[in-house]
There are 2 protein chains.
Amino acid sequence: MTRIKRYPVAPQPEQFQAALAARAAERRSEDGYVFYRLRTDFHGMPRGAVMMEGHVVPAYPSVARVFALAAGVRQAFREPFYAEEKIDGYNVRIFRVGEALVPVTRSGVVCPFTRDRLPDLLDTQALNSLFDAHPDLVLCAEVAGKGNPYMPTLIDRWGEDVQLFCFDLMRFGEQRFLPVAERRTVLERYDIPQTPLLGRYSRDDLTPLGEALLRLDSEGAEGAVLKPPADGLRVKYVTPSINLTDIVSDAALELELPGEFFTHRIVRMVMALRELGQRARLDGLAGELGEALIQGFNQALDDVEHGERVGRTFRVRLRHASSCDALLAHLGYRSSTIDVVEQSRRWDGSHYELTFRKIFRKSSDRLRTLLGGGPVFD
Amino acid sequence: MTRIKRYPVAPQPEQFQAALAARAAERRSEDGYVFYRLRTDFHGMPRGAVMMEGHVVPAYPSVARVFALAAGVRQAFREPFYAEEKIDGYNVRIFRVGEALVPVTRSGVVCPFTRDRLPDLLDTQALNSLFDAHPDLVLCAEVAGKGNPYMPTLIDRWGEDVQLFCFDLMRFGEQRFLPVAERRTVLERYDIPQTPLLGRYSRDDLTPLGEALLRLDSEGAEGAVLKPPADGLRVKYVTPSINLTDIVSDAALELELPGEFFTHRIVRMVMALRELGQRARLDGLAGELGEALIQGFNQALDDVEHGERVGRTFRVRLRHASSCDALLAHLGYRSSTIDVVEQSRRWDGSHYELTFRKIFRKSSDRLRTLLGGGPVFD
């Protein structure tokens, strides 16, 4: 694996050719344009970097996590820093090539859902004005809400459909983000929705940040990303409750997800409750945690005993029938672990309401084997 | 890794020499005898096999686990089978070489604790009579109770000290166990304590076995091992409650143990409760599970915040001071993850009561890093 970079990495155009020769990149045609994508980390270049018509779109880097807020801030920031809400959705980079507005997922694949819904997510005329003035900009955004086709969303914070929140701007071929204040100003000018700013904080007084996080926690938000004004290390810190929400979401997959998915969230939740002065909630959350871990799996067992497979139902809205097909194909594409099964498609006058089920093959097969009495050497 | 064998594997003497040349085996002197031990799986020979004075002691094989009792029995047994209680302790093989009674652990190391306590665990005169009559026998036994130096024991089933339960007999160089009935008869004749027999059951009527398992569950027992009368696949099945007991024991190690340690136990517990007609207990156990997962880790955090390391206190009894030293050295020997620290040693007229603490370095270091605000890319 490539050593993790703390900034957006933009390979040189000729590096895509080398990656292509080594099958680390793929070449596709999108919107009539030639499109390269790094499928995997390769010689220091990260998966998800994209090149289209000679424009290199940097990969969106991982953000380091801190488990202890105050100590993490002391390590990361000497100067005042910004905190913005961390939105719990999927990450998408949006840019313009020729006339086309192109949204790509974290792994660098064109996202058929975002492409279809872009006019609902933001004012595309305003976005085009932004790209007219700054043609080399890349919007980095989160799309969140119950209509998210990629992940389950139990919390009502962003409504039944989806919303977009821009949280960064990059430029073609440049290995840095725009400074926070500059980005916020630019996006406000063009009326592009962006992630809520919690404030500007100093390491010497974190009380207001703690209060902001407790408010986010009570609202079901995921957490915060702390950013220096310009370049430098950024860190994320999540609210206590989101950990439990994630466990509730995925407890049916106890035989599929790495066990650390669950244990690390317990660790984070306990550490955050202690640091944010919420120890009194430990007992109450213990009951909810145990209930989630037991009932989620119990439900999966019920499903399999009734002849079903372990799965999850999604209901999303799309403007075009062709997007429904493209999304279903995209979700099941080359997946060795997931089957995607359409259940219904209904036109409501403005959108198709598409209902589909993601089937988790590994969980389903393992459960069937175990219920069938298969002996396991563990 | 070697393909897992379902029977005891006894390498040929010359294979130990080959393994030694490849550093897969080690050669030591024990009790004045030359002792070879397979340190790792090697060319189909399993870790833990031992050779002493030309006698080959087979490795004790893994026992397959079934998560579903009735279906597992249907897969494993056509004919009636025996069920014996599975004792929750450490596995030891005991044999005689010359005058010496030698106990070795699962990994083939001479166990200083068992060697010291053997006269307390069984009648060594009777054992010598058994070996006089059958010099090539190898006793396979579990040593369990609160005085177990290898693992924490929360349940009182076997008292404050330790007890030994023989559950198999093998012979030097032979790749099979003695048939169950023959073994039970031989051990009874020589008054060697053995694991309780639950009964002989048929796949066509598992109600009595289910009742026996519920009784074991209420008594805090680990479970049952199901064995064909002679050769063939054996399987183990654990009680619902032991899974929760294990989680309570080790919740402080959420950053050290594989996450599957926890999730697989939840899976087993839920499946066993359902199969044994105990669904009504799911809700109550959910509270205990959540409490264990949260409070175990919360306690570890308290320890580390108070400048301590994550650890666990053991109190064991030994007859000789030299055994105390040997045990402490054995526990810390070559361990990259554990420090062993003696806390006290007190002579009570018949035994030393040795108190020591096992320190979990990985958990301690990780917690300190996280509490120190170290950023983590996860």
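A polar contact is a pair of N or O atoms within 3.5 Å, of which, within protein, one must be able to donate a hydrogen and the other to accept it. In the predicted model described here, the side chain of A:Glu26 makes such a polar contact with the side chain of A:Arg37, at 2.6 Å, and another with the side chain of A:Arg28, at 3.1 Å. A:Glu26 belongs to strand β1 of chain A, which covers residues 25–30, and its relative accessible area of 10% places this residue among those counted as buried. When residues up to four places away in sequence are left aside, A:Glu26 touches A:Leu20, A:Phe35, A:Tyr36, A:Arg37, A:Arg39 and A:Arg334.

The loop between α1 (13–21) and β1 of chain A contains A:Arg23, whose phi is near 65 degrees, a positive value in a residue other than glycine. A:Arg23 counts as exposed because its relative accessibility is 66%. A positive phi in a residue other than glycine is also found at A:Glu53, where the angle is near 50 degrees; A:Glu53 lies in the loop between β3 (50–52) and β4 (55–57) of chain A and is partly exposed, with a relative accessible area of 44%. Between A:Glu26 and A:Glu53 there are 27 residues of separation in sequence and 14 Å in space, taken from C-alpha to C-alpha.

In a regular strand the side chains alternate between the two faces of the sheet. Strand β14 pairs in the antiparallel sense with strand β16 of chain A (residues 352–360), over 8 bridges, and within β16 the bridge partner of A:Leu318 is A:Tyr352.

Elsewhere in chain A, one aromatic cluster is formed by A:Tyr60, A:Phe167 and A:Phe177. Charged side chains also meet rings: A:Arg265 lies over the face of A:Phe261 at 3.8 Å from the ring centre, and in chain B the residue B:Arg265 lies over the face of B:Phe261, likewise at 3.8 Å from the ring centre. B:Phe261 is also among the residues touched by B:Asp250, together with B:Pro152, B:Leu257, B:Phe262 and B:Arg312, not counting residues up to four places away in sequence. B:Asp250 itself is placed in helix α7 of chain B (residues 240–250) and is buried, with a relative accessible area of 12%.

A disulfide is a covalent bond between the sulfur atoms of two cysteines. A search of the whole structure finds 0 disulfides over all chains. In the case of A:Cys111, the closest cysteine sulfur is that of A:Cys324, and a bond is not formed because the distance of 13 Å is too far. A:Cys111 counts as buried, at 0% relative accessibility. B:Cys166 is likewise in no disulfide, the nearest cysteine sulfur being that of B:Cys140 at 6.7 Å, and B:Cys166 is buried as well, with a relative accessible area of 0%.

Notes: Residues numbered from 1 in each chain as written. Chains lettered and ligands numbered in written order. Predicted model: local features only at pLDDT ≥ 70, side-chain atom pairs only at ≥ 80, totals over all residues. Heavy atoms only, no water. Pairing = 2+ DSSP bridges. Helix = DSSP H or I, 4+ residues; strand = E, 2+ residues; numbered from the N terminus. Buried < 20%, exposed > 50% of the residue type's maximum accessible area, 1.4 Å probe, protein only. Contact = heavy atoms within 4.5 Å. Phe/Tyr/Trp six-rings, centres within 6.5 Å; stacked < 30°, edge-to-face > 60°. Lys NZ or Arg CZ within 6 Å of the ring centre and 35° of its normal. Disulfide = S-S within 2.5 Å.
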